[in-house]
Amino acid sequence: RKWHANGATAPLKGSDANRKPDFILLPLSIPDSSRELDWRDVIVFGEMKSKNTTDMLRKSYIEGAGKTALLLYAQDGRHSAPYLRMLGHYIVLTFFDRGGSLSTAAFDIHDNPDFFLRILLGISTAPIETIGFDETVFWDRDDKKKKVLVAWKGSSSEDNKGNPTVSLEQLIFISDTLHGRGTTVWAGSMKDPTSPMARRQIVVKDSWIDPLRKFTEGSMLAKLNDVNVEGVPRLIHEQQVQ
């Protein structure tokens with residue numbers, strides 16, 4: 001991973017809104033000379049302001065929330081994202097997810113250089129699942145397909161570790177709001193149990209759930225399927241990612 005400032009001068013692609021984050025963390029595979037930077041490649045982004053004031057804290061937070069919404073909309077395998085703010089000689093780290101945000105206090109990087117380095121090194125080297133990526137959604141380099149891991153031992157294909165997977169063929173819908181269920185829907189396929197050479201076309205839906213609700217969407221679909229209600233999609237499998 002490598003930090004870039006090229007996004008500060010030209011809007012990033014992958015979004016209908018023209019937004020220019022001051023600095024971004026990208027995979028090493030993106031060349032330094034690239035002028036076609038894209039929100040779909042951004043791991044972390046940040047903003048730089050001239051001073052640390054109450055008003056600037058508020059405004060930079062709102063700005064970061066808007067850009068995080070663009071990032072999550074562009075990346076269907078992600079559920080949260082860190083956001084860095086450099087306010088004068090102060091640094092603030094914020095994590096946004098679909099339920100809200102959590103921020104550190106503003107730390108003076110001159111008085112706390114160790115803390116400053118820990119934040120930068122931690123974000124630059126952290127496993128992707130700790131900085132907001134859903135490790136159950138991944139790119140299979142052998143099949144050249146996006147896939148999602150599933151928890152049941154059914155008629156699916158497997159990844160290189162023997163875990164059952166379902167292929168994700170096309171993104172149908174992804175929520176463009178920051179706070180909410182973060183609903184994402186794909187058209188997918190899985191092995192057809194009636195024919196070893198055929199594949200069954202399915203729909204995969206991912207969304208945050210409300211743990212206080214008695215019934216999940218999947219459990220309600222299952223009850224409707226049990227009584228053969230017409231026009232209701234047939235539930236194949238439901239699982240909660242924790």
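## Strands around β9

Let's start in the sheet: K146 has L168 of β11 as its bridge partner. Strands here (E, at least two residues) and helices (H or I, at least four) are DSSP runs numbered from the N terminus, and two strands pair if DSSP finds at least two bridges between them. β9 and β11 run antiparallel, joined by four bridges. This is a predicted model, in which local features need pLDDT of at least 70 and side-chain atom pairs count only at pLDDT 80 or more, while totals for chains, interfaces and linings use all residues. Residues are numbered from 1 along each chain as its sequence is written, and side-chain values use heavy atoms, with hydrogens and water left out.

On to the neighbours. β8 and β9 are antiparallel too, with four bridges, and D140 stands opposite K145 of β9. Their hairpin has four residues between the strands, and K144 takes a positive phi near 55° there. β11 also pairs with β12: six bridges, again antiparallel.

## The overall picture

The protein has three helices and 13 strands. Its C-alpha atoms fill a box of roughly 65 × 40 × 35 Å, taken along the principal axes. Of the 242 residues, 38% are buried, where buried means under 20% relative accessible area, exposed means over 50%, and partly exposed lies in between (1.4 Å probe, protein chains only).

As for contacts (heavy atoms within 4.5 Å), take those with a separation of 6 or more: 46% of them link residues 24 or more positions apart.

An α-helix has 3.6 residues a turn, so residues three or four places apart point the same way.

β4 itself is mostly covered, with eight of its eight residues buried. In a regular strand the side chains alternate between the two faces of the sheet. In β4, S80, P82, L84 and M86 point one way and A81, Y83, R85 and L87 the other, and all are buried. β3 and β4 run parallel, joined by five bridges, with E47 opposite R85 of β4.

## Two pockets

Rolling a probe the size of a water molecule over the atoms shows where empty space is left. On a 1 Å grid over the protein atoms alone, a pocket is an open set of points where a 1.4 Å probe fits, with protein on both sides within 12 Å along at least five of seven lines, and lining residues have an atom within 4 Å of a point. Grid points are joined across faces, edges and corners, and a volume is the space filled by probe spheres set on the points. The largest pocket has a volume of about 1,600 Å³. Of its 48 lining residues, K205, D206, S207, E238 and Q239 are the closest to its centre. The elements giving two or more residues to this lining are β9 (145–149), β12 (184–191), β13 (199–206) and α3 (217–226), and β13 has the largest share, with six residues. By class, the lining of the largest pocket has 20 nonpolar, 14 polar and 14 charged residues. Here Ala, Val, Leu, Ile, Met, Phe, Trp, Tyr, Cys and Pro count as nonpolar, Asp, Glu, Lys and Arg as charged, and the others, Gly among them, as polar.

The second largest pocket holds about 930 Å³ of space. It is lined by 29 residues, and F133, V137, F138, W139 and K146 are the closest to its centre. α1 (54–74), β8 (137–140), β9 and β11 (164–174) each give two or more residues to the lining of this second pocket, with the largest share, five residues, from β11. That lining has 14 nonpolar, four polar and 11 charged residues.

## Two asparagines

N6 is found in the loop between β1 (2–4) and β2 (23–26). N6 counts as partly exposed because its relative accessibility is 32%. Its C-alpha atom is 7.4 Å from that of F23, 17 residues away along the chain.

N228 sits in the segment after α3. Its phi is near 55°, a positive value in a residue other than glycine. At 58% relative accessibility, N228 counts as exposed.
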